[in-house]
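Below is a short briefing for a reader who has not seen this structure before. The points are grouped by topic.

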Amino acid sequence: MSSAAPVRFLKGHGTENDFVIIPDPDGALDLPAAAVARLCDRRAGIGGDGLLRVVRSAAHPEARAMAGEAEWFMDYRNADGSVAEMCGNGVRVFARHLARAGLAEAGELAVATRAGVRRVHLAKDGDVTVRMGAARLPAGPEPSVTVAVGGRTWPARNVNMGNPHAVAFVADLAHAGDLRTAPAVTPAAAYPEGVNVEFVVDRGPRHVALRVHERGSGETRSCGTGACAVMVAAARRDGADPAADGVPVTYTVDVPGGRLVITEHADGGIEMTGPAVIVAEGTVDPALLTASPGAGVPNG
Ligand SMILES: N[C@@H](CCC[C@H](N)C(=O)O)C(=O)O
């Protein structure tokens, strides 16, 4: 262990989309992309699909304007260290951590994210519900982008949940292959900041299942924003549009790591319910945050 003070962490997941949680209330930690990637490394670090830094909104330049509405800012990073606007599973786990740590009351809670303030409802135990905001997608029922893996291509819907998604309905989830590399999405100009790609099959009426390749993380066991994007794409495909019909619609979305239940309301707002679990906590050797790439962390 290096002589600098150890850094506290927790580990949590939502439908097995797993996160390193770093409490940093005053925004005092230097967390460059390389340090985040080392913390998320599953062999040489703690391991996670992403990292949730827990910072007071007032202490973070990107969140200061939201401080009156939401005391805490979810500074979300992907496993490669890149910054993302929003993480749907992450925000449930973030809220669970706040309540468990006595930093927020169970019940209604606002969390600042780069995509804006998200309202969370959590009981002491059990599932957590998040108001995810409205989806943004091109008008009309037609897919506007194409996803390709191996020799196969599919039409896909461009759905923005604060972060970008391409949703492709496929005959079999196995057709997505091993997803070790990112699927090709065209036109690339539709996603100047990169894209998360969801592959979807039907499981029954208003019930679908997905696999996802996440921007900055690779294939994960779940993606909350992705599941919301899938729900909206499935609803439009099925002829349902609550903002136009005035009738809310609910889908069950199975992910490799569990199940999410998602409702689109008549005001366009999307509500997602799913689990959020903290599984461990401890301290990290601060050398992990400063080690040069490939150097590893010295023992002792
Ligand atoms: N797993 C998250 C999404 C995390 C961000 C994503 N990889 C991106 O870069 O947009 C979720 O649960 O929504």
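The shell around the ligand in this predicted model is made up of three nonpolar, 14 polar and two charged residues. Both domain 1 (7-127 + 277-290) and domain 2 (145-271) contribute residues to that shell, so the ligand lies between them.

**Around the ligand**

- There are 19 residues around the ligand, and those that come nearest are Ala84, Asn89, Asn163, Gly224 and Thr225.
- At least two residues of the shell come from helix 2, and at least two from helix 3.
- Helix 2 covers residues 88-100, and helix 3 covers residues 224-237.

**The annotated positions**

- An unreviewed UniProt entry places the feature "active site" at Cys87 and Cys223.
- Cys87 sits in the loop that runs between strand 4 (72-78) and helix 2.
- A residue counts as buried when 20 or more other C-beta atoms lie within 10 Å of its own; Cys87 has 31 and is therefore buried.
- Beyond its neighbours within four places in sequence, Cys87 has contacts with Gly50, Tyr76, Gly224 and Thr225.
- Two of these contacts, Gly224 and Thr225, are also among the residues that come nearest to the ligand.
- Cys223 is in the loop between strand 14 (218-220) and helix 3.
- Cys223 is buried as well, because it has 36 C-beta neighbours inside 10 Å.
- Leaving out residues up to four places away in sequence, Cys223 touches Asn17, Asn89, Asn196, Val212 and Glu214.
- Asn89, one of the residues that Cys223 touches, is also one of those nearest to the ligand.

**Helix 1**

- Helix 1 spans residues 33-40 and is mostly covered, with six of its eight residues buried.
- The buried residues are Ala35, Val36, Ala37, Arg38, Leu39 and Cys40.
- Among the elements that cover them are strand 2 (17-23), strand 3 (50-56), strand 4, strand 18 (277-284) and helix 5 (287-290).

**Leu289 in helix 5**

- Leu289 belongs to helix 5.
- Leu289 is buried, because 21 other C-beta atoms lie within 10 Å.
- Apart from neighbours within four places in sequence, Leu289 is in contact with Val7 and Ala35.
- Ala35 is one of the buried residues of helix 1, and helix 5 is among the elements that cover that helix's buried residues.
- Leu289 and Gly126 are 163 residues apart along the chain, and their C-alpha atoms are separated by 34 Å.

**The whole chain**

- The protein chain has five helices and 18 strands.
- Its C-alpha trace spans about 60 × 45 × 30 Å along the principal axes.
- A compact globule of 300 residues would have a radius of gyration near 19 Å, and the value for the protein chain, 19 Å, agrees with this.
- Buried residues account for 45% of the 300 residues.
- Of the contacts with a separation of 6 or more, 63% are between residues 24 or more positions apart.

Note on methods
Residues are numbered from 1 along each chain as its sequence is written. This is a predicted model: local features need pLDDT of at least 70, side-chain atom pairs count only at pLDDT 80 or more; totals for chains, interfaces and linings use all residues. Helices (H or I, at least four residues) and strands (E, at least two) are DSSP runs, numbered from the N terminus. The radius of gyration is taken over C-alpha atoms; the globule rule is 2.2 Å times the number of residues to the power 0.38. A residue is buried if 20 or more other C-beta atoms lie within 10 Å of its own, exposed if 12 or fewer, and partly exposed in between; C-beta atoms are placed from the backbone. Two residues are in contact if their C-beta atoms, placed from the backbone, lie within 7 Å. UniProt positions are given in the numbering used here, feature names are shortened, and annotations may be inferred rather than shown by experiment. A residue is near a molecule or strand if its C-beta atom, placed from the backbone, lies within 6 Å of it. Ala, Val, Leu, Ile, Met, Phe, Trp, Tyr, Cys and Pro count as nonpolar, Asp, Glu, Lys and Arg as charged, and the others, Gly among them, as polar. Domain bounds come from an automatic or database domain assignment.
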